[in-house]
Amino acid sequence: PLLGGTAKAMVVVASRIEAVRWQLAMQRYIARRGYTLGTLVAFSGEVIDADSSPDPFTEQSKSLNPGLKGRDIREAFAAPGPKGEGEYQVLLVANKFQTGFDQPLLCGMYVDKRLAGIQAVQTLSRLNRTYPGKTDTFVLDFVNKAEDIREAFQPFYQETFLEQEVNTDLI
């Protein structure tokens with residue numbers, strides 16, 4: 001319901017094979033429940049999972065990202081849908097897009113992967129992009145302990161002292 005129903009979420013999984021399995025399971029669940037919810041899965045290279053299909057999977061596989069049609073995942077995830085809401089609301093990732101991904105509508109993150117150190121900071125910081133009306137974000141973490149995440153962020157919460165006064169006109 002965030003951002004008037006246009007908010008997006010990311011699911012962070014531990015491996016490429018898990019990303020494939022999560023995507024297939026989510027697609028089945030969404031279809032069974034009759035939801036109008038679009039999901040994308042992002043990973044590098046090719047995944048072979050004989051339990052899911054005899055054919056290898058890539059991001060362009062029709063069974064994984066059927067509406068992608070050759071588009072870049074970043075663009076497809078950001079693209080508006082027919083009624084103004086996004087065509088895709090959920091992006092599943094396995095390493096890819098955990099850093100350097102800039103999607104201001106991203107408000108939720110589901111973590112099913114061990115995160116530590118700078119990887120924890122960079123991954124969770126995908127949520128910190130500003131957007132008009134964006135006042136809330138949430139993380140549902142199935143794996144990590146709160147104290148481990150707090151420890152990963154701690155180096156970034158040290159005091160900083162300025163040796164000279166700041167000219168606010170320059171800011």
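## Salt bridge between Asp148 and Arg114

In this predicted model, Asp148 and Arg114 form a salt bridge, with 3.8 Å between the closest N and O atoms; a salt bridge is a side-chain nitrogen of Lys or Arg within 4 Å of a carboxyl oxygen of Asp or Glu. The pair links distant parts of the chain, 34 residues apart: Asp148 lies in helix 4, and Arg114 in the loop between strand 4 and helix 3. Helices (H or I, at least four residues) and strands (E, at least two) are DSSP runs, numbered from the N terminus. Asp148 is partly exposed at a relative accessible area of 28%, and Arg114 is also partly exposed, at 48%. Buried means under 20% relative accessible area, exposed means over 50%, and partly exposed lies in between (1.4 Å probe, protein chains only).

Residues are numbered from 1 along each chain as its sequence is written, and side-chain values use heavy atoms, with hydrogens and water left out. As the model is predicted, local features need pLDDT of at least 70 and side-chain atom pairs count only at pLDDT 80 or more, while totals for chains, interfaces and linings use all residues.

## Other salt bridges

The whole structure holds 6 salt bridges. Side chains of opposite charge can pair when their charged atoms come close. One of these bridges joins the side chains of Asp49 and Arg21, at 2.7 Å from N to O. Asp49 lies in the loop between strand 2 and helix 2 (73–78) and Arg21 in helix 1, so this pair ties together parts that are 28 residues apart in sequence. Asp49 is buried, at 2% relative accessible area, whereas Arg21 is partly exposed, at 38%. Both residues belong to a network of salt bridges that links Arg21, Asp49 and Asp51.

Glu59 and Lys96 form a further salt bridge, their closest N and O atoms being 2.8 Å apart. Here too the pair links distant parts of the chain, 37 residues apart: Glu59 is in the loop between strand 2 and helix 2, and Lys96 is in the loop between strand 3 (90–93) and strand 4. Glu59 is buried, with a relative accessible area of 13%, while Lys96 is partly exposed, with 27%.

Strand 1 is mostly covered, 6 of its 6 residues being buried. Lys8, Met10 and Val12 point one way from the strand, and Ala9, Val11 and Val13 point the other way.

Strand 1 runs parallel to strand 4, to which 6 bridges join it. It also runs parallel to strand 3, with 4 bridges between the two. Two strands pair if DSSP finds at least two bridges between them. Val12 stands opposite Val111 in strand 4 and opposite Val93 in strand 3.

## Cover over helix 3

In helix 3 (residues 117–124), the buried residues are Ala120, Val121, Thr123 and Leu124. Their cover includes strand 1 (8–13), strand 4 (106–112), strand 5 (138–141) and helix 4 (146–153).

## Surroundings of Thr39

Thr39 lies in strand 2 and counts as buried, at 8% relative accessibility. Its side chain is joined to that of Gln23 by a polar contact of 2.9 Å. A polar contact is a pair of N or O atoms within 3.5 Å; within protein, one must be able to donate a hydrogen and the other to accept it, and residues adjacent in sequence count only if both atoms are side-chain atoms.

Leaving aside residues up to four places away in sequence, Thr39 touches Gln23, Met26, Gln27, Ile30, Asn65, Tyr88, Val90 and Leu92; contact means heavy atoms within 4.5 Å.

## Residues with positive phi

Most residues other than glycine have a negative phi. Leu3 has a positive phi, near 55°. Leu3 lies in the segment before strand 1 and counts as buried, at 17% relative accessibility. Phe97 also has a positive phi, near 70°. Phe97 is placed in the loop between strand 3 and strand 4, where it is buried, with a relative accessible area of 7%.
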